[in-house]
Amino acid sequence: MDLYKILTASSLGMQAQRGRMTVVTSNLVNAETTRTPEGGPYKRRDVVFQTLPMDEPDGFPMRMTVGFTERPSGLVAVEVAGVRESAKAPKKIYDPSHPDADAEGYVTYPDINVMEEMADLMSAVRSYEANLAVFNATKGLVRKLLDIGRQ
């Protein structure tokens, strides 16, 4: 197997997980944001991943559309295809003293579960760390191969 492809796949995986961590962090920070420039409460966002087959002869991933029906053969990498807003309805909490309360005294908050977001953040961190471990192990193999080649 081409070591460069492994380095590329783990690097793309780290980039994808970094994007996921950014989106989850944004969700956590805005869990109680009741007013946005677009109007209304903040809307929770999710990252959408897509796979990239690594079977190209030059080692670079070939772009592929989301929703393929067959599992690609060989090494597969991942990247962020986009970020989508949640379709969940916001939650209303009675707080007539809040400046964003409506005429009935209800404030509209984003439907963000902080515990769910924290679990998602931990999962992204663990995935990032796994990709980093693969990258470092492969880098160590390359160094050993270069040392063998010098002798």
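Leaving aside neighbours within four places in sequence, F49 is in contact with A16, Q17, R20, V78, E79, V80 and A81. Contact means heavy atoms within 4.5 Å. The model is predicted: local features need pLDDT of at least 70, side-chain atom pairs count only at pLDDT 80 or more, and totals for chains, interfaces and linings use all residues. Residues are numbered from 1 along each chain as its sequence is written, and side-chain values use heavy atoms, with hydrogens and water left out.

Reader: Where does F49 sit, and how far is V78 from F49 in sequence and in space?

Author: F49 lies in strand β1 (residues 45-53). Strands (E, at least two residues) and helices (H or I, at least four) are DSSP runs, numbered from the N terminus. F49 and V78 are 29 residues apart in sequence and 6.5 Å apart in space, C-alpha to C-alpha.

Reader: Why is F49 called partly exposed?

Author: Buried means under 20% relative accessible area, exposed over 50%, partly exposed in between (1.4 Å probe, protein chains only). F49 has 29%, so partly exposed is the class.

Reader: How many aromatic pairs does the structure hold?

Author: One. Rings of Phe, Tyr and Trp (its six-membered ring) pair if their centres lie within 6.5 Å; planes under 30 degrees apart count as stacked, over 60 as edge-to-face and the rest as tilted. The rings of Y94 and Y106 have centres 5.4 Å apart and planes at 70 degrees, so this pair is edge-to-face. Y94 is in strand β3 (residues 91-94) and Y106 in strand β4 (residues 106-109), 12 residues apart.

Reader: How do you know that α1 is roughly antiparallel to α2?

Author: The axes of α1 (residues 3-29) and α2 (residues 114-150) come within 8 Å and cross at roughly 160 degrees. Axes are lines fitted to C-alpha atoms, for helices over the stretch in contact, and angles run from 0 to 180 degrees between N-to-C directions. Under 35 degrees counts as roughly parallel, over 145 as roughly antiparallel, 65 to 115 as roughly perpendicular and the rest as oblique. The angle is over 145, so α1 is roughly antiparallel to α2.

Reader: What is the order of elements in the protein chain?

Author: From the N terminus on, α-β-β-β-β-α. That comes to two helices and four strands. Of the 151 residues, 30% count as buried.
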